[in-house]
Amino acid sequence: MLKNIGKRILFSIVVLFALTFFVFLLSNMMSGNALDVVLQGEGTISEEAYQALLHEMGLDLPIPVRYWNWLVNFLHGDMGTSTVNGQPVWSILKERIGPTLILTGSSLLIALLISIPLGIMSAYKPYSFWDNFASALAFVGSSMPGFMICLFGIYIFSVKLGWFPTSGMYYSNQPHTIRALLEHLALPAILCGLQMTGSLIKQTRSAVLEVMNEDYIKTARSKGLSEFAVVIRHVFRNALIPIITTISLSIPWLVGGAVIVEKIFSWPGMGSLIISSINSRDYNPIMGATVIICTTVMICNILLDILYTIIDPRLAKEK
């Protein structure tokens with residue numbers, strides 16, 4: 001098991017460096033640069049002064065050289081500074097990590113609490129109200145773009161009903177309390193989690209239906225076990241492997257959806273930072289946020305791999 005985890009970690013490190021180069025390349029292929037953004041509204045400057053500023057900021061170097069310089073600094077623990085405001089990237093990122101973890105963690109929890117019970121109920125009682133409701137919810141979560149779900153949610157629950165605030169993490173003129181946080185978190189977390197429910201409901205229903213037809217389930221019923229014990233202890237436990245696989249595949253989509261949700265709700269997390277940094281051509285915060293997000297996703301996938309072997313130790317022997 002430890003050998004397999006070590007291989008997965010080494011592979012993840014290689015993938016991480018490949019992703020950072022790809023993101024760096026795409027970021028630097030955008031038209032304009034951070035200097036152009038900084039100089040907006042400052043009037044015209046001479047070409048000599050412009051080239052001198054480019055050289056001072058290191059923006060006149062070839063892209064591979066600039067990536068190598070960034071990589072060397074990163075391996076020494078330096079993520080660089082923002083070329084727009086001059087702040088160290090880490091000081092910017094550490095204020096954004098917490099809000100993003102709160103939003104994505106809450107969204108994942110909500111998605112699991114909605115999808116798994118509905119998937120089990122729809123499989124246990126096919127063509128019932130629960131099955132139809134789960135199918136409708138899965139259709140909405142799978143087919144509607146994230147920004148449309150957010151706009152509909154804001155219009156219905158914030159504008160019309162007035163149940164939730166429309167932006168921010170706290171009220172601007174009130175103390176930062178847990179109640180205020182939960183009121184601001186509820187709607188974006190529900191809408192972000194809803195985007196994940198489609199595939200998770202379908203996979204849970206399919207996996208539970210497949211297990212329910214196995215002979216050992218019939219044997220468990222013949223022993224006089226209650227339906228609750230049969231479903232939870234035998235059906236659901238043996239259906240967990242494909243469900244966990246779906247969760248691991250959905251985590252990157254959840255993070256991507258959180259970027260859109262953060263921007264729409266003005267949530268002060270990593271996603272809104274990435275979008276604002278892209279608009280200002282501020283490369284270092286983009287790279288720092290990319291490293292943190294990719295590392296978090298890879299750690300989650302490694303933990304889910306470990307959970308595989310806990311649920312079914314035979315998988316560790318097969319690997």
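**Terms and source**

I call a residue buried when its relative accessible area is under 20%, exposed when over 50%, and partly exposed in between, using a 1.4 Å probe and protein chains only. With that definition in hand, I looked up Arg66 and recorded it as buried, because its relative accessible area is 13%.

I noted that the model is predicted, so that local features need pLDDT of at least 70, side-chain atom pairs count only at pLDDT 80 or more, and totals for chains, interfaces and linings use all residues. Residues are numbered from 1 along each chain as its sequence is written, and side-chain values use heavy atoms, with hydrogens and water left out.

**Whole protein**

I found 14 helices and 0 strands in the protein; helices (H or I, at least four residues) and strands (E, at least two) are DSSP runs, numbered from the N terminus. The C-alpha atoms fill a box of roughly 85 × 55 × 35 Å along the principal axes. Of the 319 residues, 41% are buried. I then turned to contacts, meaning heavy atoms within 4.5 Å. Among those between residues at least 6 apart in sequence, 72% join residues at least 24 apart.

**Arg66**

I located Arg66 in helix 4, residues 63–75. Leaving aside neighbours within four places in sequence, I listed Phe24, Asn28, Gly58, Leu59, Leu61 and Tyr283 as the contacts of Arg66.

**Met298**

I located Met298 in helix 13, which covers residues 283–311. Met298 counts as buried because its relative accessibility is 13%. Ser12 lies 286 residues from Met298 in sequence, yet their C-alpha atoms are 6.6 Å apart. Apart from neighbours within four places in sequence, Met298 is in contact with Ser12, Val15, Leu16 and Leu19.

**Helix 7**

I recorded helix 7 as residues 146–160, 15 residues in total. The distance from its first C-alpha to its last is 20 Å, close to the 21 Å expected at 1.5 Å a residue; the expected span is 1.5 Å times one less than the number of residues. I also noted a kink of about 25 degrees in helix 7, centred on Ile154. The bend at a residue is the angle between axes fitted to the seven residues ending there and the seven starting there.

I listed Gly146, Ile149, Cys150, Gly153, Ile154 and Ser158 as the buried residues of helix 7. The buried residues of helix 7 pack against helix 6 (129–143), helix 8 (178–212) and helix 11 (240–264). After helix 7 comes Gly162, with a positive phi near 70 degrees.

**Helix 7 against helix 11**

Which residues meet here? I found Phe147, Cys150 and Ile154 of helix 7 meeting Ile260, Val261 and Ile264 of helix 11. The residues of this contact comprise 6 nonpolar, no polar and no charged; Ala, Val, Leu, Ile, Met, Phe, Trp, Tyr, Cys and Pro count as nonpolar, Asp, Glu, Lys and Arg as charged, and the others, Gly among them, as polar.

**Ser266 and helix 12**

I placed Ser266 in the loop between helix 11 and helix 12. Its phi is near 55 degrees, a positive value in a residue other than glycine. Ser266 counts as partly exposed because its relative accessibility is 47%. In helix 12, residues 270–279, I listed Met270, Gly271, Ser272, Leu273, Ile274 and Ser277 as buried. Just after helix 12, Arg281 has a positive phi of about 55 degrees.
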